[in-house]
Amino acid sequence: DSWLQFRENVYIDVDGAHGSINGLQEDRDQLFAFQAEGICQLVINPNVQITDGIALELGRGGLLHDYQYLTTSSGTINQYSIIKTPYGIMYYDALNAKLNMLNGNENPISDIKGMSSYFRTKIDFADIEADTPNGSKGIVGYYDHETKESHLSFLQGTDSFEIVYSHLNDAFHFLYDFTSNQYINNRNNVY
(Lines give C-alpha, C1' and ligand atoms only; values in the text may rest on other atoms or scores of the structure.)
Protein backbone atom coordinates (compact mmCIF):
# COMPACT_ATOMS: atom_id res chain seq x y z
CA ASP A 1 0.00 0.00 0.00
CA SER A 2 1.06 3.64 -0.34
CA TRP A 3 1.81 3.98 3.38
CA LEU A 4 4.42 1.25 3.49
CA GLN A 5 7.92 2.45 4.29
CA PHE A 6 11.12 0.57 3.56
CA ARG A 7 14.00 0.75 6.00
CA GLU A 8 17.54 1.10 4.69
CA ASN A 9 18.39 -2.58 5.27
CA VAL A 10 15.37 -3.89 3.38
CA TYR A 11 16.53 -4.82 -0.11
CA ILE A 12 16.51 -7.57 -2.68
CA ASP A 13 19.10 -8.27 -5.37
CA VAL A 14 17.70 -8.46 -8.90
CA ASP A 15 19.54 -9.91 -11.90
CA GLY A 16 22.37 -7.47 -12.69
CA ALA A 17 22.74 -8.88 -16.21
CA HIS A 18 19.85 -6.57 -17.20
CA GLY A 19 21.61 -3.42 -15.95
CA SER A 20 21.30 -1.28 -12.86
CA ILE A 21 17.93 -0.24 -11.48
CA ASN A 22 17.16 3.09 -13.16
CA GLY A 23 13.75 3.63 -11.64
CA LEU A 24 11.12 2.28 -9.28
CA GLN A 25 7.42 2.88 -9.89
CA GLU A 26 4.40 1.92 -7.83
CA ASP A 27 1.20 1.14 -9.68
CA ARG A 28 -2.00 -0.31 -8.18
CA ASP A 29 -0.23 -1.50 -5.01
CA GLN A 30 2.52 -3.19 -7.02
CA LEU A 31 6.17 -2.11 -7.26
CA PHE A 32 8.13 -2.33 -10.51
CA ALA A 33 11.90 -2.02 -10.98
CA PHE A 34 13.08 -0.66 -14.33
CA GLN A 35 16.50 -1.72 -15.60
CA ALA A 36 18.15 -0.97 -18.94
CA GLU A 37 17.14 -4.35 -20.38
CA GLY A 38 14.41 -5.58 -18.08
CA ILE A 39 11.41 -4.78 -15.92
CA CYS A 40 10.57 -6.83 -12.88
CA GLN A 41 7.73 -6.79 -10.41
CA LEU A 42 8.87 -6.91 -6.80
CA VAL A 43 6.82 -9.21 -4.59
CA ILE A 44 6.18 -7.37 -1.33
CA ASN A 45 5.04 -9.13 1.81
CA PRO A 46 3.05 -11.95 0.15
CA ASN A 47 2.31 -13.66 3.45
CA VAL A 48 -0.15 -11.09 4.75
CA GLN A 49 -3.87 -11.74 4.91
CA ILE A 50 -6.30 -8.87 5.47
CA THR A 51 -9.24 -9.77 7.71
CA ASP A 52 -11.73 -7.09 8.77
CA GLY A 53 -9.18 -4.41 7.85
CA ILE A 54 -6.48 -5.91 10.08
CA ALA A 55 -3.26 -7.26 8.54
CA LEU A 56 -2.34 -10.71 9.79
CA GLU A 57 1.13 -12.00 8.90
CA LEU A 58 1.05 -15.69 8.02
CA GLY A 59 4.78 -16.27 7.73
CA ARG A 60 8.03 -14.67 8.63
CA GLY A 61 10.84 -13.23 6.62
CA GLY A 62 11.75 -10.09 4.76
CA LEU A 63 9.42 -7.47 3.43
CA LEU A 64 10.75 -7.90 -0.11
CA HIS A 65 10.06 -11.53 -0.82
CA ASP A 66 10.93 -12.12 -4.46
CA TYR A 67 10.85 -10.63 -7.95
CA GLN A 68 9.48 -11.74 -11.30
CA TYR A 69 10.61 -10.39 -14.67
CA LEU A 70 7.81 -9.17 -16.93
CA THR A 71 10.30 -8.61 -19.77
CA THR A 72 14.02 -8.90 -20.39
CA SER A 73 13.87 -7.39 -23.86
CA SER A 74 12.78 -3.89 -22.83
CA GLY A 75 13.55 -1.41 -20.07
CA THR A 76 14.76 2.14 -19.64
CA ILE A 77 17.99 4.00 -19.00
CA ASN A 78 16.04 7.22 -18.40
CA GLN A 79 14.67 7.41 -14.88
CA TYR A 80 12.52 10.48 -15.61
CA SER A 81 10.86 8.88 -18.67
CA ILE A 82 8.81 6.59 -16.42
CA ILE A 83 5.27 8.00 -16.22
CA LYS A 84 2.49 6.55 -14.08
CA THR A 85 -0.92 6.96 -15.69
CA PRO A 86 -4.37 5.53 -14.89
CA TYR A 87 -3.87 3.36 -18.00
CA GLY A 88 -0.55 1.81 -16.94
CA ILE A 89 3.08 2.87 -16.80
CA MET A 90 4.54 4.59 -19.85
CA TYR A 91 8.32 4.59 -20.37
CA TYR A 92 10.85 5.27 -23.10
CA ASP A 93 13.21 2.43 -24.02
CA ALA A 94 16.25 4.21 -25.51
CA LEU A 95 18.10 0.98 -26.32
CA ASN A 96 15.25 -0.13 -28.61
CA ALA A 97 14.08 3.41 -29.51
CA LYS A 98 10.49 2.70 -28.44
CA LEU A 99 7.84 4.30 -26.29
CA ASN A 100 6.09 1.54 -24.33
CA MET A 101 3.09 1.14 -22.08
CA LEU A 102 3.21 -1.46 -19.30
CA ASN A 103 -0.34 -2.51 -18.41
CA GLY A 104 -0.30 -6.20 -17.71
CA ASN A 105 2.09 -6.75 -20.58
CA GLU A 106 4.45 -4.60 -22.60
CA ASN A 107 2.85 -2.63 -25.45
CA PRO A 108 5.16 -0.78 -27.87
CA ILE A 109 2.97 2.28 -28.45
CA SER A 110 5.44 3.86 -30.86
CA ASP A 111 5.32 0.77 -33.10
CA ILE A 112 1.55 0.28 -32.87
CA LYS A 113 0.86 3.94 -33.71
CA GLY A 114 3.35 4.13 -36.61
CA MET A 115 5.93 6.31 -34.85
CA SER A 116 8.84 3.84 -34.73
CA SER A 117 10.83 5.41 -37.59
CA TYR A 118 10.31 8.86 -36.05
CA PHE A 119 11.79 7.73 -32.72
CA ARG A 120 14.70 5.96 -34.47
CA THR A 121 15.67 8.96 -36.60
CA LYS A 122 14.77 12.00 -34.46
CA ILE A 123 16.39 10.99 -31.16
CA ASP A 124 20.09 11.46 -30.48
CA PHE A 125 21.04 8.47 -28.35
CA ALA A 126 24.19 10.13 -26.95
CA ASP A 127 22.16 13.03 -25.53
CA ILE A 128 19.38 10.82 -24.21
CA GLU A 129 21.83 8.34 -22.65
CA ALA A 130 23.32 11.10 -20.48
CA ASP A 131 20.07 11.20 -18.44
CA THR A 132 20.85 14.57 -16.84
CA PRO A 133 17.71 16.65 -17.43
CA ASN A 134 19.03 19.57 -15.39
CA GLY A 135 21.98 19.56 -17.78
CA SER A 136 19.46 19.57 -20.67
CA LYS A 137 20.17 15.99 -21.73
CA GLY A 138 17.80 13.06 -21.25
CA ILE A 139 14.04 12.60 -21.09
CA VAL A 140 11.50 14.08 -18.71
CA GLY A 141 7.85 13.10 -18.70
CA TYR A 142 4.59 13.65 -16.85
CA TYR A 143 0.93 12.73 -17.00
CA ASP A 144 -1.67 15.51 -17.19
CA HIS A 145 -4.78 14.37 -15.31
CA GLU A 146 -6.95 17.13 -16.74
CA THR A 147 -6.30 16.43 -20.44
CA LYS A 148 -5.47 12.71 -19.95
CA GLU A 149 -2.22 13.13 -21.88
CA SER A 150 1.34 11.96 -21.35
CA HIS A 151 4.03 14.52 -22.19
CA LEU A 152 7.65 13.56 -22.90
CA SER A 153 10.39 16.15 -23.35
CA PHE A 154 13.39 14.80 -25.24
CA LEU A 155 16.28 17.03 -24.17
CA GLN A 156 19.02 16.97 -26.77
CA GLY A 157 20.45 20.47 -27.09
CA THR A 158 19.12 22.54 -29.97
CA ASP A 159 17.15 19.54 -31.29
CA SER A 160 15.01 19.18 -28.16
CA PHE A 161 11.29 18.57 -28.56
CA GLU A 162 8.21 17.45 -26.64
CA ILE A 163 5.78 14.82 -27.84
CA VAL A 164 2.27 14.32 -26.45
CA TYR A 165 0.28 11.09 -26.34
CA SER A 166 -3.48 11.34 -25.79
CA HIS A 167 -4.85 8.41 -23.83
CA LEU A 168 -8.43 9.43 -24.69
CA ASN A 169 -7.76 9.42 -28.44
CA ASP A 170 -5.19 6.61 -28.19
CA ALA A 171 -2.89 8.58 -30.48
CA PHE A 172 0.10 10.91 -30.65
CA HIS A 173 -1.30 14.32 -31.41
CA PHE A 174 1.13 17.09 -30.56
CA LEU A 175 4.76 17.80 -31.23
CA TYR A 176 6.18 20.90 -29.58
CA ASP A 177 9.51 22.62 -30.04
CA PHE A 178 9.49 23.86 -26.43
CA THR A 179 10.54 21.62 -23.55
CA SER A 180 11.17 21.71 -19.84
CA ASN A 181 13.91 19.94 -17.95
CA GLN A 182 11.73 19.49 -14.88
CA TYR A 183 8.05 18.95 -14.11
CA ILE A 184 6.40 18.70 -10.73
CA ASN A 185 3.30 16.53 -10.73
CA ASN A 186 1.34 17.13 -7.52
CA ARG A 187 -1.87 15.13 -7.45
CA ASN A 188 -3.81 16.54 -10.40
CA ASN A 189 -1.66 19.63 -10.95
CA VAL A 190 1.46 19.95 -13.10
CA TYR A 191 3.94 22.77 -12.48
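These legends describe close-up views of a predicted model. Local features need pLDDT of at least 70, and side-chain atom pairs count only at pLDDT 80 or more, while totals for chains, interfaces and linings use all residues. Residues are numbered from 1 along each chain as its sequence is written, and side-chain values use heavy atoms, with hydrogens and water left out.

**View 1. Strands S1 and S2 pair antiparallel.**
S1 covers residues 21-27, and S2 covers residues 30-35. Strands here are DSSP runs (E, at least two residues), numbered from the N terminus. Six bridges join S1 to S2. Two strands count as paired if DSSP finds at least two bridges between them. Leu24 has Ala33 of S2 as its bridge partner. The S1 and S2 hairpin has two residues between the strands. In this hairpin, Arg28 takes a positive phi near 55°.

**View 2. Strand S2 also pairs with S3.**
S3 spans residues 38-44. S2 and S3 run antiparallel and share five bridges. Phe32 stands opposite Gln41 in S3. S2 and S3 form a hairpin too, with two residues between them. S2 is mostly covered: five of its six residues are buried. Buried means under 20% relative accessible area, exposed over 50%, and partly exposed in between (1.4 Å probe, protein chains only).

**View 3. Cys40 sits in strand S3.**
Cys40 is buried, with a relative accessible area of 0%. Its contacts (heavy atoms within 4.5 Å) leave out residues up to four places away in sequence. Among the residues that Cys40 touches are Val14, Leu31, Phe32, Tyr67 and Leu70. Cys40 and Leu70 are 30 residues apart in sequence. In space, C-alpha to C-alpha, Cys40 and Leu70 are 5.4 Å apart.

Key: Helix = DSSP H or I, 4+ residues; strand = E, 2+ residues; numbered from the N terminus.
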